[in-house]
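Subject: Structure handover

Hello,

Here is the structure for you to look over. My notes on it follow below.

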Amino acid sequence: QVRLVESGGGLVQPGGSLRLSCAASGSIFSRSVMGWYRQAPGKQRELVGGITTGGNTNYADSVKGRFTISRDNAKNTVYLQMNSLQAEDTAVYYCNAKGQLGINRYDLWGQGTQVTVSS
């Protein structure tokens, strides 16, 4: 059973920083495209950004220049470094893994971690 476990969320003041981590159990991590999503209260889940198996990244316009995604395949972990946080970044952040094993595609989610930006 593959699991994704996020950590690192919490309360931070506007302008502050947080780093989220997502650890993947099992052997799929290195072959997975990893993504970070977020869902604010009353809103739909949205893509924050993603990183390919080769390390290429993409970001939502709202976080470009402030957030950075990286991965450590040796540790089966993907990171989301969030700087210059704003109140609008308050949300539950979810880790996602997409890929294919044989003929079977997978699309896995973590349980989410709360990020609250408030003074």
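**The disulfide**

Cysteine 22 and cysteine 95 are joined by a disulfide, with an S to S distance of 2.1 Å; a disulfide here is a pair of cysteine sulfur atoms within 2.5 Å. The pair links distant parts of the chain, as cysteine 22 lies in strand β3 (residues 18-24) and cysteine 95 in strand β9 (residues 91-101), 73 residues apart. Strands are DSSP runs of E with at least two residues, numbered from the N terminus. The torsion about the S-S bond of cysteine 22 and cysteine 95 is about -80°, so the disulfide is left-handed. A search of the whole structure finds 1 disulfide. Both cysteine 22 and cysteine 95 are buried, where buried means under 20% relative accessible area (1.4 Å probe, protein chains only).

**How the model was read**

This is a predicted model, in which local features need pLDDT of at least 70 and side-chain atom pairs count only at pLDDT 80 or more, while totals for chains, interfaces and linings use all residues. Residues are numbered from 1 along each chain as its sequence is written, and side-chain values use heavy atoms, with hydrogens and water left out.

**The open sheet**

Strand β3 also belongs to an open sheet of 4 strands in the order β1-β3-β8-β7, with antiparallel pairing. Two strands count as paired if DSSP finds at least two bridges between them. At the edges are β1 (4-7) and β7 (67-72), each of which pairs on one side only. From one strand to the next, the twist averages 15°; the axes behind such angles are lines fitted to C-alpha atoms, and angles run from 0 to 180 degrees between N-to-C directions.

Within this sheet, β3 and strand β8 (residues 77-82) run antiparallel and are joined by 6 bridges. Arginine 19 stands opposite glutamine 81 in β8.

**The two hairpins**

Strands β4 (residues 33-39) and β5 (residues 46-51) pair in the antiparallel sense over 5 bridges. Their hairpin has 6 residues between the strands, and glycine 42 takes a positive phi near 80° there.

Strand β5 is also joined to strand β6 (residues 57-59), by 3 bridges, and the two run antiparallel. In this hairpin there are 5 residues between the strands, and glycine 55 takes a positive phi near 95°.

Which residues does glycine 50 of β5 face? Glycine 35 stands opposite glycine 50, and in β6 the bridge partner of glycine 50 is asparagine 58.

Regards

Methods
Buried < 20%, exposed > 50% of the residue type's maximum accessible area, 1.4 Å probe, protein only.
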